[in-house]
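I set down here what I looked up in this structure, entry by entry.

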Amino acid sequence: MGVQSVANHSRYRGFLVIFGRSKKEVFSLVVERVWKKIKGWKEQFLSRTGKEVLIKAVALAIPTYVMSCYKMSEALCKEIEAMLAKFWWGSKNGERKVHWMSWEKLSRSKGSGGMGFRGISEFNKSLLGKQY
């Protein structure tokens, strides 16, 4: 019939289909995408409001598809949150500035004294809960 057989189903929508033993290796693609976006922004030229919009609209949207299908490890969630916290508080000449509030406090709602950022782990759980 002229149909070709596919020998390797390695990626679907840029994400690995077949998992090995190391989940960190599989989900490292998501961490790299977030890191590339954050690294490309010039944080010294952005106001607090600009940083807030970029984190909420872009950086937290990147892992949404993956998190809606798979449970990410707590270590990877913490790694992404650490990158976002470093971007939020900024750095000067390669040295990071003081983080005056923890990411847990920043991820609270604005009415509760936070900035309204999503906690990656909690967001992952809620996306997976929508499947049932």
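Are Trp88 and Phe117 buried or exposed? I found Trp88 to be buried, and Phe117 likewise. I use buried for under 20% relative accessible area, exposed for over 50% and partly exposed for what lies in between, with a 1.4 Å probe and protein chains only.

**Entry: basis of the notes.** I worked from a predicted model, in which local features need pLDDT of at least 70, side-chain atom pairs count only at pLDDT 80 or more, and totals for chains, interfaces and linings use all residues. Residues are numbered from 1 along each chain as its sequence is written, and side-chain values use heavy atoms, with hydrogens and water left out.

**Entry: the chain.** I noted six helices and four strands. Along the sequence they follow the pattern β-β-α-α-α-α-β-β-α-α. Helices (H or I, at least four residues) and strands (E, at least two) are DSSP runs, numbered from the N terminus. Of the 132 residues in the chain, 31% are buried. Among contacts with a separation of 6 or more, 61% join residues 24 or more positions apart; a contact means heavy atoms within 4.5 Å.

**Entry: aromatic pairs.** I counted pairs of Phe, Tyr and Trp rings (for Trp, the six-membered ring) with centres within 6.5 Å; planes under 30 degrees apart are stacked, over 60 edge-to-face, and the rest tilted. The count came to four aromatic pairs. One of them joins Trp88 and Phe117, with centres 5.3 Å apart and planes at 75°, so I recorded it as edge-to-face. Trp88 belongs to helix H4 (residues 74–89) and Phe117 to the loop between helix H5 (103–106) and helix H6 (120–129), so this pair ties together parts 29 residues apart in sequence.

Phe117 also pairs with Trp103, and that pair is stacked, at 5.1 Å centre to centre and 5° between the planes. Trp103 lies in H5 and Phe117 in the loop between H5 and H6, so parts 14 residues apart in sequence are tied together. Trp103 has 10% relative accessibility and therefore counts as buried; Phe117 has 1% and is buried too.

**Entry: charges over rings.** I looked for NZ of Lys or CZ of Arg within 6 Å of a ring centre and within 35 degrees of the ring normal. The charged end of Arg48 sits over the ring of Trp88, 4.9 Å from its centre. Lys51 lies over the face of Phe87, 5.7 Å from the ring centre.

**Entry: salt bridges.** How many salt bridges does the structure hold? I found three, taking a salt bridge as a side-chain nitrogen of Lys or Arg within 4 Å of a carboxyl oxygen of Asp or Glu. Glu52 meets Lys56 at 2.8 Å, N to O. Both lie in helix H2 (residues 48–59), four residues apart, so about one helical turn separates them. Glu52 is buried, with a relative accessible area of 12%, while Lys56 is partly exposed at 27%.

Glu52 also forms a salt bridge with Lys110, at 2.8 Å, N to O. Glu52 lies in H2 and Lys110 in the loop between H5 and H6, so the bridge ties together parts 58 residues apart in sequence. Lys110, at 52% relative accessibility, counts as exposed. I noted Lys71 and Glu74 as another salt bridge, at 3.7 Å, N to O. Through shared partners, Glu52, Lys56 and Lys110 are joined into one network.
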